[in-house]
Amino acid sequence: MPKTHTRYTCQQCGHEAPRWVGRCPDCGEWNSLVEEVVVDRPARAGGPRALDSEVNAPQPIASISMEAWTRAPSGIDEFDRVLGGGIVPGSLVLIGGDPGIGKSTLLMQACGRLATTAGRTLYVTGEESTQQVKLRAERLDTLAPDLYLAAETDIERVEAYALNLKPRFLVIDSVQTVHDPAIGSAPGSVSQVRACCARLMRVAKSTHTTVFLVGHVTKEGTLAGPRVLEHMVDTVLYFEGDRFQSHRILRAVKNRFGSTDEIGLFEMTDAGLREIASASELFLAQRPDQGPGSAVVGIIEGTRPLLVEVQALVARSYLASPRRTTTGIDYNRACMILAVLEKRCGMRMSDKDVYLNVAGGLKIVEPAVDLGIAVALASSFRDRAVDPRTVVAGEVGLSGEVRAVHQTDRRLKEAQRMGFTRALIAPPPAASAAPEGLGINAVRSVRECVDLALCDSGAPASEEDAFAEPFAEDED
Ligand code: TYD
Ligand code: MG
């Protein structure tokens with residue numbers, strides 16, 4: 001009988017300790033060490049191991065065959081885009097997300113298409129029965145003769161199925177439900193997840209099968225066993241979105257075979273996930289007409305130009321230190337722009353509560369959104385709407401200057417496509433041709449931009465006007 005011993009493993013970072021401590025000495029997390037039983041395997045007798053195959057033997061780089069090493073398109077363009085242009089053979093892809101966000105749905109749809117167009121696909125489910133998965137597949141209309149299904153949680157059997165069936169694509173739904181019987185700890189613990197992931201990686205690299213792992217997200221919003229898994233796999237994707245809204249965003253966090261700037265957009269419908277090709281339409285769909293505190297910005301997400309709405313609410317504060325809340329926008333960036341508006345445009349923000357939001361749940365890190373934040377804030381501050389056919393884009397500097405952003409042409413073209421008639425941007429460095437029907441105003445400073453954006457929208461309101469009315473009602 002093999003001997004066993006116990007060790008304590010941090011569930012956050014995978015640090016191992018011989019005895020329990022309250023705080024992980026490696027990552028500093030409290031109360032994260034869990035006892036695990038390890039089976040000691042007898043050491044192998046000396047001498048090199050006889051190799052069972054020569055598939056991975058060293059070769060001169062020039063003579064490595066690239067046959068069957070082209071990316072396979074999944075047939076879902078948004079998915080391919082995030083993967084960097086298709087599925088790389090032999091890669092290990094982790095898809096994380098909140099429960100119920102649609103990970104299984106996305107992979108089932110991808111599997112249906114892959115089994116039809118690219119080759120045999122094995123879907124291993126540890127969470128549902130094969131009947132339940134089939135029911136879903138029927139509803140999604142992804143039944144394909146080359147799509148195989150197994151309800152299994154034992155990693156050794158999964159490995160055996162993969163080696164017998166030789167699928168081109170293998171899905172493990174989810175990595176937290178499979179377990180390695182040689183390891184004593186419960187499924188989902190860091191050592192189990194790590195061991196299973198390592199075994200699946202060997203399958204992927206030796207047979208050139210692409211393995212998709214579904215991973216659940218912990219309360220804190222990271223993948224369970226986060227660092228351990230993220231290091232081991234080739235690509236980490238997050239599937240996110242509001243469960244109360246129908247659109248979902250697929251985002252690459254790490255990608256060895258492509259850029260991590262791309263996002264994929266989907267809509268959850270009763271027939272599964274539908275791709276959203278025109279993202280701007282989605283993000284501008286529920287924009288109020290003529291409401292103050294709203295500005296449309298042209299941004300670039302990955303390689304895709306997008307128009308999004310920035311919303312601001314500036315309200316009189318009754319707190320000693322006024323509240324500033326941002327959603328989808330960097331907090332420090334917003335504070336900087338508030339300071340610029342106060343100092344360079346004479347808007348007194350120091351006694352106002354400020355709320356900023358990007359409509360549709362996007363997070364924008366690009367500096368081009370600065371000008372949109374400034375215009376939305378000024379619009380709410382002065383209680384005057386921005387013309388709904390005006391788009392802005394530009395970075396704001398500390399002295400209130402507006403700086404040019406890259407790929408202006410593509411932003412302008414998207415604005416024109418969406419029917420916008422005016423763009424406020426930094427002076428273009430070269431004479432870039434304006435798309436037809438789109439008037440371009442070059443703005444050098446935030447002040448100039450705000451004045452232009454708010455110029456033809458109703459009677460000018462002074463600061464007193466903007467803040468007098470709503471509170472006058474409260475008084476009686
Ligand atoms: P699922 O893929 O099971 O989520 P995950 O694997 O990430 O936990 O998706 C479940 C949700 O998706 C569920 O709330 C119902 C919804 N859904 C639809 O709206 N339409 C569909 O066609 C399918 C299959 C699911
Ligand atoms: Mg699922």
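Predicted model: local features only at pLDDT ≥ 70, side-chain atom pairs only at ≥ 80, totals over all residues.
An open sheet of three strands has the order β2-β1-β3, and its pairing is antiparallel. Its edge strands, β2 (16-17) and β3 (33-39), each pair on one side only. Strand β1 (residues 4-10) and β2 run antiparallel and are joined by two bridges. Within this pairing, Thr9 has Glu16 in β2 as its bridge partner.

Strand β13 (residues 294-301) runs parallel to β17, to which two bridges join it, and antiparallel to strand β14 (residues 304-316), to which eight bridges join it. Val297 takes part in both pairings: its bridge partner in β17 is Val392, and its bridge partner in β14 is Val308. The hairpin of β13 and β14 has two residues between the strands, and Gly302 there takes a positive phi near 70°. Strand β14 also pairs with strand β16 (residues 352-358), in the antiparallel sense and over seven bridges. In that pairing, Val314 stands opposite Val354 of β16.

Strand β17 (residues 390-393) is covered on both faces. Thr390 and Val392 on one side are buried, as are Val391 and Ala393 on the other. Besides its pairing with β13, β17 pairs in the parallel sense with strand β20 (residues 422-425) over four bridges. Here Val391 has Ala423 in β20 as its bridge partner. A contact between a charged group and a ring involves Arg389, which lies over the face of Phe420 at 5.4 Å from the ring centre.

Aromatic contacts were considered next. A pair of aromatic rings is described by the distance of the centres and the angle of the planes. The structure holds two aromatic pairs. Phe79 and Phe212 form a tilted pair, with 6.1 Å centre to centre and 35° between the planes. This pair links distant parts of the chain, since Phe79 lies in helix α1 (residues 77-83) and Phe212 in strand β8 (residues 210-216), 133 residues apart. Phe79 and Phe212 are both buried. The pair of Phe239 and Phe266 is edge-to-face, with 5.9 Å between the centres and 80° between the planes. Phe239 belongs to strand β9 (residues 235-241) and Phe266 to strand β11 (residues 263-269), so this pair ties together parts that are 27 residues apart in sequence. Both Phe239 and Phe266 are buried.

Strand β9 also contains Leu237. Leu237 counts as buried because its relative accessibility is 0%. The C-alpha atoms of Leu237 and Phe79 are 10.0 Å apart in space, although the two residues are 158 residues apart in sequence.

Oxygen atoms of ligand 1 make contacts with both side-chain and backbone atoms. In the side chain of Ser104, an N or O atom is 2.6 Å from an oxygen atom of ligand 1. A polar backbone atom of Gly272 is 2.9 Å from a ligand 1 oxygen atom, and for a polar backbone atom of Asp270 the distance to a ligand 1 oxygen atom is 3.4 Å. Taken alone, ligand 1 exposes 550 Å², and the protein buries 73% of that area.

Some loop residues show backbone features of note. The peptide bond from Asp173 to Ser174 is cis, with omega near 5°. Ser174 is found in the loop between β7 (169-173) and α5 (190-207). Lys166, a residue other than glycine, has a positive phi near 50° and is placed in the loop between α4 (155-165) and β7. With a relative accessible area of 65%, Lys166 is exposed. Gln407, also not a glycine, has a positive phi near 55°; its place is in the loop between β19 (402-403) and α10 (408-417). Gln407 counts as partly exposed because its relative accessibility is 34%.

Definitions and conventions: Residues numbered from 1 in each chain as written. Chains lettered and ligands numbered in written order. Heavy atoms only, no water. Buried < 20%, exposed > 50% of the residue type's maximum accessible area, 1.4 Å probe, protein only. Pairing = 2+ DSSP bridges. Phe/Tyr/Trp six-rings, centres within 6.5 Å; stacked < 30°, edge-to-face > 60°. Lys NZ or Arg CZ within 6 Å of the ring centre and 35° of its normal. Polar contact = N/O pair within 3.5 Å; in protein donor to acceptor, adjacent residues only side chain to side chain. Areas by Shrake-Rupley, 256 points an atom, 1.4 Å probe, with all protein chains shown as cover.
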